[in-house]
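Dear colleague,

Please find below the structure that I am handing over to you. My notes on what was found in it follow directly after.

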Amino acid sequence: MTIRFAILAAACTLVLAGCGDKSAPPAEPAAADVQAAPAETPAATPETPAAATRPAVVTDCSTHVEGNDALKYNVDSITVPASCTEFTINLTHVGTMPVAAMGHNVVITKLSDVAGVDADGMAAGVAANYVKAGDPRVIAHTKLVGGGESTSVTFAVSKIQGDGPYEFFCSFPGHEASGMKGTIQVQ
Ligand SMILES: [Cu+2]
């Protein structure tokens, strides 16, 4: 900052106009914030720029997704680095409601398979984590968790490098339709 002020002061002596407002030099992010905000790098999902307003933070071929009591994930886009062979999604239910009333999972399918997988999952019931057993359309899924619980799933990245697009969503009845979904892509 000292150097920056020195440059600013030098510039003002050369150019007398436009230096009136010295009260607000551009703030630099605190070091602690840098890791929490890689979402703002230009690498975020050019395919779906409008939809991806809450990109997931990805670290070491894994990410953390939260679900709450208000039928929401905290992210709507997961970009998996192409350098990863496997990828892990850690899911935490940050609410307090029980699994039978407000359970959440993460299911990954092709976008075109979401409706069918969701409907068959509902039929499979809560004991099956709302995922039909052996469904070949399901690329990966976590178990269903209630408030305060966590779970995770790891899958081969090659499984979402085919003929997408791919979506992640919660297959608890009605949750995908309520917006518990997002895009997942490899980049
Ligand atoms: Cu849910």
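**The disulfide**

The torsion about the S-S bond of cysteine 61 and cysteine 84 is about -90°, so the disulfide is left-handed. A disulfide here is a pair of cysteine sulfur atoms within 2.5 Å, and in this pair the sulfur atoms lie 2.0 Å apart. The structure holds one disulfide. It links distant parts of the chain, 23 residues apart: cysteine 61 sits in the loop between β1 (58-59) and β2 (62-67), and cysteine 84 in the loop between β3 (77-80) and β4 (86-93). Helices (H or I, at least four residues) and strands (E, at least two) are DSSP runs, numbered from the N terminus. Cysteine 61 counts as partly exposed because its relative accessibility is 26%, whereas cysteine 84, with a relative accessible area of 6%, is buried. Buried means under 20% relative accessible area, exposed over 50%, and partly exposed in between (1.4 Å probe, protein chains only).

**Basis of the values**

This is a predicted model, in which local features need pLDDT of at least 70 and side-chain atom pairs count only at pLDDT 80 or more, while totals for chains, interfaces and linings use all residues. Residues are numbered from 1 along each chain as its sequence is written, and side-chain values use heavy atoms, with hydrogens and water left out.

**The copper site**

His104 (ND1), Cys170 (SG) and His175 (ND1) coordinate the copper ion at 2.0 to 2.1 Å. Donors are N, O and S atoms within 2.8 Å of the metal (3.2 Å for Na, K and Ca); water is not among the atoms, so sites may look incomplete. The donor residues are spaced H-x65-C-x4-H in sequence. Histidine 104, in the loop between α3 (99-102) and β5 (107-110), and cysteine 170, in the loop between β8 (166-169) and β9 (181-186), are 66 residues apart and link distant parts of the chain. Both histidine 104 and cysteine 170 are buried; for cysteine 170 the relative accessibility is 0%.

**Glycine 182**

Glycine 182 is placed in strand β9 and is buried, with a relative accessible area of 6%. Leaving aside residues up to four places away in sequence, glycine 182 touches Asp76, Tyr166, Glu167 and Phe168. Contact means heavy atoms within 4.5 Å.

**The chain as a whole**

The protein chain has four helices and nine strands. Buried residues make up 34% of its 187 residues. Of the contacts with a separation of 6 or more, 69% join residues 24 or more positions apart.

Yours sincerely
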